[in-house]
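Colleague: Could we go through this model together, one question at a time?

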Amino acid sequence: MRDGFVYLSRKDVMRACADLDSVAVMREVFQLHGRGQTILPDEAYLGWVNEEGEHVRSLNMPAYVGGAIRFAGTKVINGNIANPQRRGIPRASGLTLLYDEVTAQVVCVMEAAYLSSLRTASVSILSALLLQGGLIETVAVIGAGVIAQRHLELVLKYLPDVQRLLVYDLVPGQVEQVRQALQSELLRRGVTLEEAKSAEAAIRPAQLVIPATTVTEGYIQYAWLQPGTIVVHVSLDDVLPEVVLRADGVIVDDWELVRTDTRRLLGRMYRNGQLVGPDEALPAKGEECRRVDAQLGELVCGKRGGRKTKDDILLVNPFGLAIEDVALASYVYRKAGQLGLGIQLLY
């Protein structure tokens, strides 16, 4: 029995993550998920309009991860997209809790926003590594916020052939801030980071496209994508339905969660009869409809393939799973213990 738990600040979490291979952790957790060794309940979504007329939300995301990890936990992550511009504070904030598998006691509470952005970017990089056809030399990132910067950091770390980063953001000066933050690594790698004049100008030359925005209306056209391109759609609505319908492969992280979601594009397309799951039958006739080709866990476990030819245009639409947070948090917790990080708090 424990009489308390460890609290890890953002600084502690970042220090522990510096020694971790976060992409390898995501590979491990998707392997476990593909083998049915995880539990992933529906997330709880709470949205409201605050006194200033802004739409804000809170997500509660519980999960259990088995295998060698053997932790349960919950991520509570809240957000207001107006925070950066109106208040100069991050859009998202929250906490991740880890539970002892036997007693269910809370053993650790840690800052969640950095961990959340890292696991999101790590899944994107894992997807690129699993689905890569030819060389990935040019990467387009749409948006230049926290999530975008985390992606760019991992692109520089894990994709050795990248020579050029094209970044587009609506906010003046935002891309330059990201460039300054990454300057030393850009110089070390000999990689250029350029501010694109438009989303289209960033996307057309790229072999890997990562939309990381908060838009609620699609704009990415299928015609912008060159043969062989991988689009990792971490945002809500950047790609138009035509990209989903015409892509040579569509991969999701968990079809059940994607299917039941009412806010994101793929969930809406499912409800409109334009999309079915990997094992569901296509309608005999009617409006255009396609099947999701695979889930990431199936790719990691070798149960399904992703790319058939080097020219395939592939769309990856990760929902963002709590098992990712719990798995990465478990490694952070153990590493923090080895490094003597954190504060012990009593119940």
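**Cysteines, a buried threonine and a sheet**

Modeller: The sulfur of Cys108 is 12 Å from the closest cysteine sulfur, that of Cys17, which is too far for a bond. This is a predicted model, in which local features need pLDDT of at least 70 and side-chain atom pairs count only at pLDDT 80 or more, while totals for chains, interfaces and linings use all residues. Residues are numbered from 1 along each chain as its sequence is written, and side-chain values use heavy atoms, with hydrogens and water left out.

Colleague: How many disulfides does a search of the whole structure find?

Modeller: A disulfide is a covalent bond between the sulfur atoms of two cysteines, and here the term stands for a pair of cysteine sulfur atoms within 2.5 Å. For Cys108, the closest cysteine sulfur, in Cys17, is 12 Å away and therefore too far for a bond. Over the whole structure, the number of disulfides found is zero.

Colleague: Is Thr96 buried or exposed?

Modeller: Buried means under 20% relative accessible area, exposed means over 50%, and partly exposed lies in between (1.4 Å probe, protein chains only). Thr96 has a relative accessible area of 1%, so Thr96 is buried.

Colleague: Which residue in S9 is the bridge partner of Ala140?

Modeller: Strands here are DSSP runs of E with at least two residues, numbered from the N terminus, and two strands pair if DSSP finds at least two bridges between them. Strand S8 (residues 138-142) runs parallel to strand S9 (residues 164-168), and five bridges join them. In S9, the bridge partner of Ala140 is Leu166.

Definitions and conventions
Helices (H or I, at least four residues) and strands (E, at least two) are DSSP runs, numbered from the N terminus.
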